[in-house]
Amino acid sequence: MFRRLFKKTEATYKVSIPKLSVELDAPCDVTILEHALMKGVAFPHSCRVGTCGTCKARLVSGKVYELTDKAYTLSADELRENYVLCCQSMPRSDLVLEVPVAPEAIQRTPVVERAGEITALRKLTNDIVELEVKIDEPVTYRAGQYCEIYVPGVIVDEVHESRSYSFASPPGNDPVSVVRFHVRLVPGGAFTTWLHTEAKVGQRLEGHGPYGDFWLRPGKAPILAIAGGSGMAPLKALLEQACADGEARDVKYFFGARRQEDLYCAQEMRALEAAWLGKFEFIPVLSGEPEDSDWDGARGFVSEHVRTVLGDRVADYHVYMCGPPPMLDSAEKIVLGAGVLPANVHADKFYDRSHTQPRG
Ligand code: FES
């Protein structure tokens, strides 16, 4: 059994999601999303904190208890039609839910539980380390997905026992035994502080996954990639895998950082520029670099720079973006405002304790 993310309870209700061919016995004090994920259901989701709307579902029948005010996230029409956010809803009766996505659009890589040990810890910037883990049994995942990691005996916070990290290495075509993650030090975050200050090679870890619906969709449109901070990880995996698979669509990859010392993986991105079949352009953009430094690249906020460079041509792209919510919210406004269809905008927002909305 997967390690429970919340305290144990006795009361359970039947949750039916006919579109996913799913029937769950769901405990009343675990969110529908967490329980579905623990049971290996590839339920669409992203932020898990009630702000992205990816996990929305129409409550056809039944009652839920909601942890946060969904009115900030759902539209007036969705509220009228009785939509709920499954990452914020716990069952209070038997439920029937309708998810607004086509079943064929849902990723069905099986979720598995694994253990392994740290084989390397490499400092990438002042506040990001690369964590390399050798897993006891190989895993299969799609480039862009993430998993949950926990360390027996290490406290994460008062509610969760694990943390979500995107695979930073491409999976290739066979199950893999060595995986890498980029872990940013979150001020006040117990798990990331432990990882940055105490974790050692040889330390045992446990985890389960893969999760998430951030992966490269087939298509002909050029790719616009936008990332910031450790948002590099899923995009790096996604683009490296696409390159290995012979993807030939043109790519523009805008990466936002504060200063030169916050840039990383530039060498890997230059390697992609050289190996990519089409045209691949990696464009770092610095928002806090001193005016008098030797930096001769782009300056300013990454989303604004996208607008400056591409203008109306943004509409021609399919968009993949990862990073902190404020950056992605701003980028999302720009790309949707330019006419990119919402179905062609794929975002993986990285939430930490500084980004969760107040409990209602
Ligand atoms: S709102 Fe539920 S996963 Fe984002």
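## A tour of cavities, cores and cysteines

The second largest cavity has a volume of about 50 Å³. Keep in mind that the model on your screen is predicted. Begin the tour at this cavity.

**Stop 1: the second largest cavity.** Select His45, Ser46, Gly144, Tyr146, Gly212, Asp213, Phe214, Ala347 and Asp348, which line the second largest cavity. Colour them by type. Three are nonpolar, four polar and two charged. Remember Phe214 and Asp348, two of these lining residues. They return at a later stop.

**Stop 2: the largest cavity.** The structure holds two cavities of 30 Å³ or more. Move to the largest, with a volume of about 220 Å³. Its lining takes in 21 residues. Select Arg114, Ile135, Cys147, Gly207 and His208, the ones nearest its centre. Which element gives the most to the lining of the largest cavity? That is β13, with six residues. By type, the lining of the largest cavity has twelve nonpolar, five polar and four charged residues.

Stop 3: Look at the peptide bond that runs from Gly209 to Pro210. This bond is cis, and its omega is near 5 degrees.

**Stop 4: the largest nonpolar core.** Select Met232, Leu235, Leu239, Tyr253, Phe255, Trp276 and Phe280. These have the most contacts inside the largest nonpolar core, a set of 30 residues. Next, show the elements that give two or more residues to this core: β14 (223–228), α4 (232–244), β15 (251–257), α5 (266–275), β16 (280–286) and β18 (318–323). Helix α4 gives the most, with seven residues.

Zoom in on Phe280. What does Phe280 touch, not counting residues up to four places away in sequence? Its partners are Leu239, Val251, Tyr253, Met269, Leu272 and Glu273. A second, separate core has 28 residues, among them Ala36, Leu37, Leu74 and Leu97.

**Stop 5: Cys322.** Go to strand β18 and select Cys322. Is Cys322 buried or exposed? Cys322 is buried, at 0% relative accessibility. Show its contacts, leaving aside neighbours within four places in sequence: Phe214, Ile226, Ala227, Gly228, Gly231, Pro234, Leu235, Met327, Leu328 and Asp348. Phe214 and Asp348 also line the second largest cavity. Now draw a distance from Cys322 to Phe255. These residues are 67 apart along the chain, yet their C-alpha atoms are separated by 9.8 Å.

**Stop 6: cysteines without partners.** A disulfide is a covalent bond between the sulfur atoms of two cysteines. How many disulfides does the structure hold? It holds zero. Then select Cys243, which is buried at 17% relative accessible area. Its sulfur is also too far for a bond, because the closest cysteine sulfur, in Cys265, is 15 Å away.

**Stop 7: two positive phi angles.** Select Cys265 itself, in the loop between β15 and α5. Its phi is near 60 degrees, a positive value in a residue other than glycine. Cys265 is buried, at 9% relative accessibility. Finish at Asn82, in the loop between α2 (76–80) and β5 (83–85). Asn82 has a positive phi of about 70 degrees, although it is not a glycine. At 36% relative accessibility, Asn82 is partly exposed.

Key:
Residues numbered from 1 in each chain as written. Predicted model: local features only at pLDDT ≥ 70, side-chain atom pairs only at ≥ 80, totals over all residues. Heavy atoms only, no water. 1 Å grid on protein atoms, 1.4 Å probe; cavity = no way out; pocket = protein on both sides within 12 Å on 5 of 7 lines; lining within 4 Å. Points joined across faces, edges and corners; volume = space filled by probe spheres on them. Helix = DSSP H or I, 4+ residues; strand = E, 2+ residues; numbered from the N terminus. Nonpolar A, V, L, I, M, F, W, Y, C, P; charged D, E, K, R; others polar. Disulfide = S-S within 2.5 Å. Buried < 20%, exposed > 50% of the residue type's maximum accessible area, 1.4 Å probe, protein only. Core = buried A, V, L, I, M, F, W, Y, C linked by side-chain atoms within 4.5 Å. Contact = heavy atoms within 4.5 Å.
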